[in-house]
Amino acid sequence: MKEPNKKTNKRYFELDKNETEQKSEGQSQEVKVYNVKITPRILKAQKFKEQHRKSVKPNTYNKFNKTQKYPGKAPIDPERLKKYTRGKGLVGKGVRHPLYKEKLKQKEKKINYAQVQSARAEILLTEDQGGITIDDEDGKTTAISQKIIAENIDIAAATKIFELNLDFGPYRAKYSRNGRHLLIGSKKGHLAAFDWITKKLHFEINVMESIHDISWLHIETMVAAAQKEFLHIYDNTGTELHCVKKIDKILRMEFLPYHFLLAVVSEYGFLTWLDISIGEIVGHYNNHLGRCSVMTQNPYNATLCLGDPKGVVSLWAPTVKQPLAKILCHKTPLTAIAVDNRGMYMATSGVDRSLKIWDIRNLDGPLQHYKLRSAPVDLEFSQTDMLAVGLDETVEIYNDCCTQTTEKPYLRHRMAKSISNFKFCPYEDVLGVGTTHGFTSIIVPGSGEANFDALESNPFQTKSQRREAEVKALLDKIPAELITLNPFEVTEVDVPSLKEQMEAKKKLLHVKPKKMDTTPRRKNKGKTHIARKKIIKEAARREYLEQTKEVQKSLKPEQKQKAPKQSFGVLDRFVSNPKSKK
């Protein structure tokens, strides 16, 4: 039974408009009231919120209103970006697998990010490159002497100009990798090492033999001296550590810091690479060029550049007994070779008083050709691509002589002594000159790199930092087998050598022989096709077995022939038979 008095609720679509308006008016008239008790704690919190709102500044950037004074990051000069470029990037062509393609893209993004960050961080570098500025437009920088430079610089920089008068010349000089220490050696046996900035002497000895060349090793506590007969290695106290008698009659030495190799050329034309970390010779052969006293290294790929009396420059590596490349630079014997730090330009000089600049990557015709007033004694590139040229008793420094033709030198310094060799000091505007009567240090503004990487070479290195750097360098040591003209060959697959390995495996005895051609040339009457095949296969099998037996016999060591035993007639049964050793 239905209840008649029960009200039923209507749905929203069954209501009239009047009913909905009345219902909404009734709801709006009902207001809920809350009784809140105000306490000192609530007042204090309200006061703190108001103060906080006043202190906070409104955000200057609104994502809806894009009116910003400096939108985005500051733009970078394209020339500055070009300075930190790492070469042409990978396009990704030829990579089939999408995973490896994505990996290459991510790697390329990281390289581009590092390039941008390096360009942006240049503003944080503390030092700028130096130079000489002249007020007169027609003024020549060659007229500025070291005395004028010393008068116009601070006292600390002026102390870098000094001269050592020694009586055991001629002297050869070399700076350490961080530019803090100096090593000198003379033809009459004088060997000394010292901190040239503080003038603190490490050791000074006389080896009682002529010294033909000197070199620092991986740290400043070890030096190598090419004496009259053999190679000698000393520590920073003058104590002899090693005498390498396998290497004799050395003319020139070069140390490869990333490979821990000491490369030498002897009087008889032998090239030798000594691994100083394990004390083994990794390469030793005759170059068939005769006596070569002109040698330098290419810092880009660690190859040796050797100049012979015929005017040819050849590039050498320890694992290849033939030159990697040859170039005819001069028609007369070479007097000096120099390669810049980036491995781009090579400077050569000959007896014909000519100086040529080459692009060592292409080895096509000379980029620049200069004619000098006398044959250069030595050549040297600085860290900023300045070129020092030694002419008898004068040192001339040229600026930007590789990319463009220069008519006059940047600086000129005359001495009353014949020049033996000279080296630019790393991270300093200093050129050290070894002469017949000692050593001279001069200032060349703008020749050194203004800022150094402390993880690469630190002039202010402590003893603990030196130990850590030595261990890290040993862990990062590059094998001698990786010295090639193109250092990026490591990333490529050596296809020819892979084919040779596969062919060598096939030639082994335990591998099955190749399939023989069993088709007969002539038909033998009276025999079936199957029987003929069996006969040919059996003949081929016998021939193969005979060949393998002959090879096995040749591989086995020859057994000693037993001498005939002496016969004692009836008493032979009492002779003892010694057991043969297995």
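The charged end of Arg177 sits over the ring of Tyr258, 5.2 Å from its centre, and Lys199 lies over the face of Phe162 at 4.7 Å from the ring centre; a charge sits over a ring if NZ of Lys or CZ of Arg is within 6 Å of the ring centre and within 35 degrees of the ring normal. This is a predicted model, in which local features need pLDDT of at least 70 and side-chain atom pairs count only at pLDDT 80 or more, whereas totals for chains, interfaces and linings use all residues. Residues are numbered from 1 along each chain as its sequence is written, and side-chain values use heavy atoms, with hydrogens and water left out.

Rings of Phe, Tyr and Trp (its six-membered ring) pair if their centres lie within 6.5 Å, with planes under 30 degrees apart counted as stacked, over 60 as edge-to-face and the rest as tilted.

| Pair | Centre distance | Plane angle | Class |
|---|---|---|---|
| Trp273 and Tyr285 | 5.8 Å | 40° | tilted |
| Phe452 and Phe460 | 6.0 Å | 50° | tilted |

Ring pairs also link Trp273, Tyr285 and Trp316 into a cluster. Accessibility is expressed as relative accessible area (buried under 20%, exposed over 50%, partly exposed in between, with a 1.4 Å probe and protein chains only). On this scale Trp273 is buried at 0% and Tyr285 is buried at 6%, while Phe452 is partly exposed at 33% and Phe460 is exposed at 58%.
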